[in-house]
Amino acid sequence: MRIIVASRGRSHLLDCARELQNKGYDIVFYCMTKPGNMKKYSFHGKATNMIYIMFPFYFLARIWHGGFIQRICDTLLDFFVSLIMPRCDVFIAQSPNYAYSMKKAKKMGATLILDRGSSHVRKFNTLNQLNGTAQQNENYQKRDERMYTEVDYITIASTFVKNGFIEYGFPNFKLFVNPYGVSLEKFHPTVCTNEYDAIIVGQWSKRKGHELVVKAFKDSDYKILHVGSITDYPFPEYSNFTHIDSVPESELINYYSRSKVFLFPSYEDGFGLVLLQAAACGLPIVCSSNCGGPTLKRMLSEKDYIYEMKELSKEELIKGFENQLNKNQTNQLRNYAEKDLDKFSWKAYGKRYDEFLKTIRK
């Protein structure tokens with residue numbers, strides 16, 4: 001069976017392509033990514049890195065994030081892929097970037113699968129209103145919702161996203177929930193050095209609920225570490241807050257091992273790959289219900305190590321943090337997820353996808 005996987009950047013879809021190839025499928029992968037990323041993430045199949053064709057537009061889109069330039073870049077990427085793509089049995093594409101290519105695949109009789117990394121676009125906009133984050137514009141919303149109706153299935157990573165689609169009338173039988181994986185070579189049980197009381201990894205932003213983190217801990221003695229980029233919310237200058245710019249994924253375990261608790265009070269997140277990293281490293285977790293935390297919790301035998309916030313408030317964040325702080329294992333190997341690691345590896349992700357494809361292509 002030939003499967004085309006199309007992504008804007010590398011994203012988790014490169015991991016998807018690799019795992020499906022490992023299952024014996026004939027994979028063709030398209031994206032725009034840095035040269036060398038295919039090899040770095042161990043994908044050795046058929047791939048076309050569109051960055052060489054798209055470089056001027058890719059460069060402009062990197063300078064002016066979003067808006068008109070990004071739309072032109074996405075449209076051209078879709079158009080070029082539609083010109084060169086071969087016949088396939090299944091077409092998996094990142095939402096909402098491959099409308100032309102999907103139409104061509106449909107004419108060739110392929111099964112269409114849309115990969116949606118975030119919530120239903122209306123749910124996404126509603127939740128972003130709550131924290132003052134920019135919403136997807138009307139054009140994006142129309143494109144995204146049109147693709148929902150044209151594809152055969154939508155694959156998502158969490159029950160939170162699934163519930164949002166159902167809330168807006170999307171049929172349950174067309175949704176495939178497949179939680180993401182984590183590299184178990186890079187993330188594994190750690191011994192905590194207790195340098196920081198809590199860690200946050202990823203973009204520092206309003207959407208991720210980091211305003212709540214500041215309100216909750218600005219007047220405390222707790223030491224808070226952030227590793228990642230800073231976007232639409234300024235990083236505080238309090239002495240107990242430490243920021244470190246983005247580091248290579250392979251170095252993140254060094255920062256997880258220095259921290260007691262992982263915080264993820266997001267207003268909206270399709271899953272949150274960092275949740276898997278933190279769990280694999282043994283950190284107790286505090287998260288909102290609007291992410292992959294509840295899905296991950298159901299996959300774990302030791303469910304008490306994930307505290308799901310009942311509401312997005314500083315009081316509930318403090319309560320969850322203090323609850324999980326007591327669960328941190330000092331001077332011991334933190335391995336509460338050890339018996340469940342096989343459930344959220346990338347290999348397990350590929351196995352679930354393989355079983356799904358065999359069911360829908362009978």
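**A buried aspartate, an open sheet and an enclosed helix**

In this predicted model, Asp78 lies in helix H4, which spans residues 67-84. The residue is buried yet takes part in no salt bridge, and Arg71, the nearest side chain of opposite charge, is 6.8 Å away, whereas a salt bridge requires the nitrogen and carboxyl oxygen to be within 4 Å. The side chain of Asp78 is instead joined to that of Ser101 by a polar contact of 2.8 Å. When residues up to four places away in sequence are not counted, Asp78 touches Asn97, Tyr98, Ala99, Tyr100 and Ser101.

An open sheet is formed by 7 strands in the order E3-E2-E1-E4-E5-E6-E7, and their pairing is parallel. Strand E3 (46-49) and strand E7 (175-177) are the edge strands, each of them pairing on one side only, and the twist from one strand to the next averages 20°. Within this sheet, strand E1 (residues 2-6) pairs with strand E2 (residues 26-31) in the parallel sense over 5 bridges, with Arg2 standing opposite Asp26 in E2. Helix H1 (residues 11-22) packs on the sheet, where it touches E1, E2, strand E4 (90-94) and strand E5 (111-115); the direction of H1 makes about 165° with that of E2.

Helix H9 (residues 210-217) is largely enclosed by the rest of the structure, because 6 of its 8 residues are buried. These buried residues are His210, Leu212, Val213, Val214, Ala216 and Phe217, and the elements that cover them include strand E9 (196-201), strand E10 (224-227), strand E11 (241-244), strand E12 (259-264) and helix H13 (314-325).

Technical notes:
Residues numbered from 1 in each chain as written. Predicted model: local features only at pLDDT ≥ 70, side-chain atom pairs only at ≥ 80, totals over all residues. Heavy atoms only, no water. Buried < 20%, exposed > 50% of the residue type's maximum accessible area, 1.4 Å probe, protein only. Helix = DSSP H or I, 4+ residues; strand = E, 2+ residues; numbered from the N terminus. Contact = heavy atoms within 4.5 Å. Pairing = 2+ DSSP bridges. Axes fitted to C-alpha atoms, helices over the stretch in contact; angles between N-to-C directions. Lys, Arg positive; Asp, Glu negative; His and termini not counted. Polar contact = N/O pair within 3.5 Å; in protein donor to acceptor, adjacent residues only side chain to side chain.
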